[in-house]
Amino acid sequence: MNKKLLLSGERRRYKVKDIAIFDNPKNLGVFLSDLGWRILELLGEKERYPMEVARKLGVHEQKVYYHIRKLEKAGAIEIVREEEKKGATAKYYRATFPAFGVELPFV
């Protein structure tokens with residue numbers, strides 16, 4: 001994934017955000033699933049651990065773990081901290097960028 005800047009807004013109220021540009025179409029597939037998209041939205045709001053995401057979305061935890069592994073492999077999310085919970089280590093994830101995109105080779 002490459003990093004670029006995104007300029008958005010209207011008249012004198014422009015904002016600049018970091019944006020991740022996909023350079024591998026295989027990584028794009030995880031964003032096209034409904035559950036992957038909803039997980040990414042939640043992790044864009046604040047850092048969360050997988051069980052918390054599963055409860056919030058009302059889905060089985062294993063489905064969340066599956067999508068989290070795919071999102072992490074694609075570089076869309078990252079582990080920000082680890083915490084002991086009930087004898088296990090909970091990994092907290094968050095989105096790596098506030099925006100993602102695809103850049104076409106326009107001339």
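This is a predicted model: local features need pLDDT of at least 70, side-chain atom pairs count only at pLDDT 80 or more; totals for chains, interfaces and linings use all residues.
Q: Which residue in β5 is the bridge partner of Ile 21?
A: Strands of a sheet pair through backbone hydrogen bonds, in either a parallel or an antiparallel sense. For β2 and β5 the sense is parallel, over three bridges. Looking in β5 for the bridge partner of Ile 21, we find Gly 101.

Q: How many residues lie between β3 and β4 in their hairpin?
A: Strand β3 covers residues 77-85 and strand β4 residues 88-95, and they pair in the antiparallel sense over eight bridges. One of the bridge pairs joins Glu 83 to Ala 90 in β4. In the turn, Lys 86 has a positive phi of about 50 degrees. The number of residues between the two strands of this hairpin is two.

Q: Which residues of helix α1 are buried?
A: Helix α1 runs over residues 25-32, and the face turned away from its buried side carries the exposed residues Pro 25, Lys 26 and Leu 32. On the buried side, the residues are Asn 27, Val 30 and Phe 31. They cover an arc of only 100 degrees around the axis, which puts them on the same side of α1. So, with that arc in mind, the buried residues of α1 are Asn 27, Val 30 and Phe 31.

Q: What covers the buried residues of α1?
A: Both helices and strands take part in the cover. The helices include α2 (34-45) and α4 (61-74). Among the strands are β2 (13-22) and β5 (100-102).

Q: Are α2 and α4 roughly parallel or roughly perpendicular to each other?
A: These two helices pack with their axes 10 Å apart, at an angle of about 75 degrees. Angles from 65 to 115 degrees count as roughly perpendicular. The relation of α2 to α4 is therefore roughly perpendicular.

Q: How many nonpolar residues does the contact of α2 with α4 have?
A: From α2, the residues Leu 35, Gly 36, Ile 39 and Leu 40 meet Lys 63, Val 64, His 67, Ile 68 and Leu 71 of α4. Sorted by class, the contact has one charged and two polar residues, while the number of nonpolar residues is six.

Terms used:
Residues are numbered from 1 along each chain as its sequence is written. Side-chain values use heavy atoms; hydrogens and water are left out. Buried means under 20% relative accessible area, exposed over 50%, partly exposed in between (1.4 Å probe, protein chains only). Helices (H or I, at least four residues) and strands (E, at least two) are DSSP runs, numbered from the N terminus. The arc is that of the directions from the helix axis to the C-beta atoms. Contact means heavy atoms within 4.5 Å. Two strands pair if DSSP finds at least two bridges between them. Axes are lines fitted to C-alpha atoms, for helices over the stretch in contact, and angles run from 0 to 180 degrees between N-to-C directions. Angles under 35 degrees count as roughly parallel, over 145 as roughly antiparallel, 65 to 115 as roughly perpendicular and the rest as oblique. Ala, Val, Leu, Ile, Met, Phe, Trp, Tyr, Cys and Pro count as nonpolar, Asp, Glu, Lys and Arg as charged, and the others, Gly among them, as polar.
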